[in-house]
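Have the sequence and the 3D view open as you read.

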Amino acid sequence: MKRALVTGVTGQDGAYLSQFLLNKGYDVYGLVRRSSASDVMDEKLRWLGVADRITMIDGNLIDLSSLMRVMRDVKPDEVYNLGAQSFVKSSWNQPLLTGNVTGVGAANVLEAVRLEAPQARFYQASSSEMFGLVQEPVQSETTPFYPRSPYAAAKLYAHWMTVNYRESFGLHASSGILFNHESPLRGIEFVTRKITDGVARIKLGLQTQLALGNLDAKRDWGHARDYVKAMWLMLQQDTPGDYVVATGRTASVRDFCRLAFAHAGLALEDHVVTDPRFLRPAEVDMLLGNPGKAKERLGWAAETDLEGLVAEMVDADLARLSRSAQRN
Ligand code: GDR
């Protein structure tokens with residue numbers, strides 16, 4: 001049986017990837033940093049019904065010795081580095097922590113793989129944020145990067161370390177440049193989930209307004225469940241590489257809002273207000289990915305369209321809030 005080690009296992013992508021790997025018959029090990037909130041930490045894994053099937057291991061991305069011990073103990077065939085300080089806005093408030101966890105943390109995992117598990121295949125969760133101030137209207141693997149936040153700068157370091165460990169040491173190390181990917185398990189601070197949660201609350205009479213920042217930002221939004229398949233496919237190739245994972249369609253935050261409110265029979269004009277607190281010191285105005293290489297080499301394509309994604313998220317938030325209202 002193959003063994004996979006997943007960092008960031010308690011996040012949205014960690015949950016969907018674990019479910020996917022378990023269905024493929026993998027033994028899944030999750031790296032978790034110690035927290036006093038350990039009773040609620042596996043909420044996303046429980047939502048997918050996989051929490052009990054994962055072996056959790058204590059470790060931390062910024063503690064290289066813990067990663068080396070984990071590699072020795074687990075002897076993974078595949079390592080997926082999904083752990084990060086992943087909220088772009090917080091990266092201006094905690095730039096050095098973000099650099100340490102999101103950037104140096106990835107280098108620590110690479111170093112632990114090189115020293116203790118050099119046969120393991122490695123996946124780095126890179127990000128479309130690395131394109132930042134976009135240098136081409138449609139971004140592909142050959143588009144120059146221009147990071148616009150401490151988060152994006154840290155991800156870019158991790159991306160280039162992945163490329164360098166592949167070229168310097170011959171590691172089977174791949175980097176997936178994933179565009180935004182959402183789901184009912186998306187953290188509440190990210191705009192899509194904030195919107196679908198807000199729509200559900202307004203629909204159920206729990207609030208009347210939803211305060212957002214820049215409604216004109218455009219993103220290429222896909223479903224996390226589809227995107228974790230691309231991660232796995234990259235590690236099944238004979239040769240490692242870098243891949244853009246995207247839908248090829250872009251939509252504004254306003255468009256996303258309109259769809260979400262309409263799905264609940266509401267109009268965004270009646271409820272959405274803008275609040276400068278949610279603006280960023282520097283914005284990424286537009287992202288649009290070309291998933292051509294992933295399609296050609298991996299046979300991968302996004303399966304969920306934006307309308308389907310929005311409907312699933314709004315319905316899940318309505319169900320979640322209705323359940324908790326009944327309990328109270
Ligand atoms: P992003 O995701 O920064 O693209 O990074 P986020 O959902 O936070 O922002 C998307 C866009 O929406 C605008 N926006 C708001 N954002 C938030 N969070 N809250 C608001 O109220 C709001 N109003 C408008 C933002 O300005 C932005 O333009 C995500 C993360 O998951 C990264 O970790 C990942 O690498 C990339 O996607 C791909």
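1. Let's start with His 172, which is buried, with a relative accessible area of 11%; buried means under 20%, exposed over 50% and partly exposed in between, using a 1.4 Å probe and protein chains only. This residue lies in strand 6 (residues 172-178), strands being DSSP runs of E with at least two residues and helices runs of H or I with at least four, numbered from the N terminus.

2. A word on the source: this is a predicted model, where local features need pLDDT of at least 70, side-chain atom pairs count only at pLDDT 80 or more, and totals for chains, interfaces and linings use all residues. Residues are numbered from 1 along each chain as its sequence is written, and side-chain values use heavy atoms, with hydrogens and water left out.

3. What surrounds His 172? Leaving aside neighbours within four places in sequence, its contacts (heavy atoms within 4.5 Å) include Phe 122, Met 234 and Pro 240. The His 172 side chain also reaches the backbone oxygen of Gln 237 at 2.8 Å.

4. Now look at helix 8 (residues 191-203), which has 13 residues. Among its buried residues are Ile 195, Val 199 and Ile 202. Their cover includes strand 7 (181-182) and helix 12 (306-327). After helix 8 comes Gly 205, with a positive phi near 75 degrees.

5. Finally, visit the ligand. One of its oxygen atoms is 2.9 Å from a polar backbone atom of Val 191, and a polar side-chain atom of Arg 280 lies 2.7 Å from an oxygen atom of the ligand.

How values were computed: Expected span 1.5 Å × (residues − 1). Polar contact = N/O pair within 3.5 Å; in protein donor to acceptor, adjacent residues only side chain to side chain.
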